[in-house]
Amino acid sequence: MCAIFGVIGSYDGQRCQEALALMGHRGPDESHILAQEGLFFSHNRLAIMDPDTSVKQPFHRDGIVLGFNGEIYNFEALKKELKAYPFQSGCDSEVVFAAYLEWGEAFVERLEGMFAIAVYDKGRLLLFRDRMGKKPLYYYKDARQIIFASEIKSIGHIVEDLKINSDAIRSYLSFQTAIAPITFFEGVVSLQPGEKAVIDAGGTKHTFYDDILSASVHIKRARQAHEEIETQLLRSVQTRMHADVPVGYLLSGGVDSALVCAMAQRFSDQPIRTFTLGYDEFERYDESVYAREVADHIGAKNEKIIYTYEDFRRDIKRVPYYLDQPLNDPAALPLFHLFERIHKDSDIKVVLSGEGSDELFLGYRPYMELLDIEQLAKLGKKSWLKNYFKAHPSEHREWEWYRRIFSDELLFRGTAESFTDRHQQGLLKDKKIVGQSIDLITPFYDSYRDNGLIEPSVWYRYLDLKVHQGNYFLTKLDRMSMAHAIEARAPYMDQNLVKSSFQIDPALFLHGSQTKHLLKEVARKYLPETIVDRKKRGFSYPFIEWLERMGALDEALRMNKEVKLFYPKALERMVTGAKKGAFKQHMFGIYMLLDFLANRVKR
């Protein structure tokens, strides 16, 4: 696990070294640079596999240079196929280089894991990002140079006059994040999950080397589905336990992380170490008692880490540096604190997380609500209802759902959907930013339909894996863990498990109004019924109370006067509502966006 940075074309060596140093948190164990005329490749290493061996990335041979960030879980199997290469270490990174030398661009199709890879091959720059979007990769191109990096801050150190991209503001308000390839900076492009970019004298070409969808449904019985899920998840967990450094586990007390921990404990001859967040001042948010129940049941060693108002007040100013771009997720702050404590108080450098289960197995309550609303599309006469909703507008999301269904529009636009188009129209002063949120997700819908799929629940899962996970949750997990030099692994986001899930008959995912039915049936073999059947509680903590306590809600009004993004009266209504408990996450997102924009103005 590492950071990569490079420039093709004209460059200042000192500035490039400074840009690499800005990502020192991602790889504090080693740094290496290859500097030639018109070519700068560099790498920071976080030593996970074979940590005692110096692995001098970037690799180079015969005019080919490769930089790699990530973890390849099938590297040992690939290594057996690459017998002609003179390996000098037991690291997966060296296998990646050997694989490219052997198979060329097709090598990426053989890799299983999380990765961002840059290859310079005789005048061409090739960039690759893993299928689920676990590892980040950005690039910038102008007449003088091409710059790539694991984090935008390093590109910004070279290109100091980057301007704000208004499309990113619309994406952020609509979906709580900038959806790749969009970033908050004009000219800076994010590779999408499963994407390859080839940049040469002829221009730039983007293609997808793989997708997670499968139009082939061949698992049609419940028992077969349970067996497939269990087999794939067991393999995924066991694979991700493999490291030459200590491994820990995040445990929230919910079924997702609990099942990962329970499976991991079966593969371990020692009690695994689990870590849980707690909130002493606000017990209604604290689920550590359930985490303790799981730990006691499986025989794990659990540590509770308390998050306080003072931690929050400090972290809300630190976290944006590591995110680079606004991310409307209050959970980023306590997660940042959790990884910081793990880093300071233990020798653990790898952590397994339960990320991705809800999107994979229909774990959110709105899925079931929306599937019910989908049935209204079959009504023969909807014109009166269409006109009624048009004449009685509302900013609430539920109103928007019914308006869409009676207007024969695409209903589901992602669990990450935040401000509706109408809400944005009433808030934003700059009407050039206002647009249709559906435009941002149309490419995903086209891909879904191109596969011949028409089942709504499949669309829900596919879109959320692409947007909610690939651009939102996995971004948070990567940045908050790597801020403290910890590699986070997500077993549910294993490419084989994900693809298998789309080969299961969609009807098997539904069991009345029960969420995550298939996974819960697997979990019953490993966990107490009290954990499996406990009512789902979304992760939350008193962030809006703390924002008000520190004066941040009123500060948002002041910052808005500076950046002039929102109508003052409309924003005042949002602040008043947030103080009363309405639109809480919306207001958190507004504060983080205004803070980002105000600081950009100051610079």
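Partly exposed describes a residue whose relative accessible area lies between the buried range, under 20%, and the exposed range, over 50%. I apply this to Arg-524, which counts as partly exposed because its relative accessibility is 26%.

**Entry 1: the model.** I note that this is a predicted model. I looked up its salt bridges, and the count comes to 48.

**Entry 2: Arg-524 and Asp-533.** I found that these two side chains meet in a salt bridge, with 2.9 Å from N to O.

**Entry 3: Lys-466 and Asp-211.** I recorded a salt bridge between these side chains, at 3.3 Å from N to O. The pair joins distant parts of the chain, 255 residues apart. I located Lys-466 in helix α17 (residues 456-482), and Asp-211 in the loop between β12 (203-208) and α6 (222-240). Lys-466 has a relative accessible area of 9%, so I list Lys-466 as buried. Asp-211, at 22% relative accessibility, is listed as partly exposed.

**Entry 4: Arg-314 and Asp-315.** I looked up a further salt bridge, in which the closest N and O atoms of Arg-314 and Asp-315 are 3.7 Å apart. Is Asp-315 buried or exposed? I found a relative accessibility of 0%, so Asp-315 counts as buried. Arg-314 counts as partly exposed, at 37%.

**Entry 5: a network.** I asked which residues are linked in a network of salt bridges. I noted Arg-26, Lys-135, Lys-153 and Arg-479, together with Glu-151, Asp-324 and Asp-478. As background, I wrote that side chains of opposite charge can pair when their charged atoms come close.

Notes
Residues numbered from 1 in each chain as written. Predicted model: local features only at pLDDT ≥ 70, side-chain atom pairs only at ≥ 80, totals over all residues. Heavy atoms only, no water. Salt bridge = Lys/Arg side-chain N within 4 Å of Asp/Glu carboxyl O. Helix = DSSP H or I, 4+ residues; strand = E, 2+ residues; numbered from the N terminus. Buried < 20%, exposed > 50% of the residue type's maximum accessible area, 1.4 Å probe, protein only.
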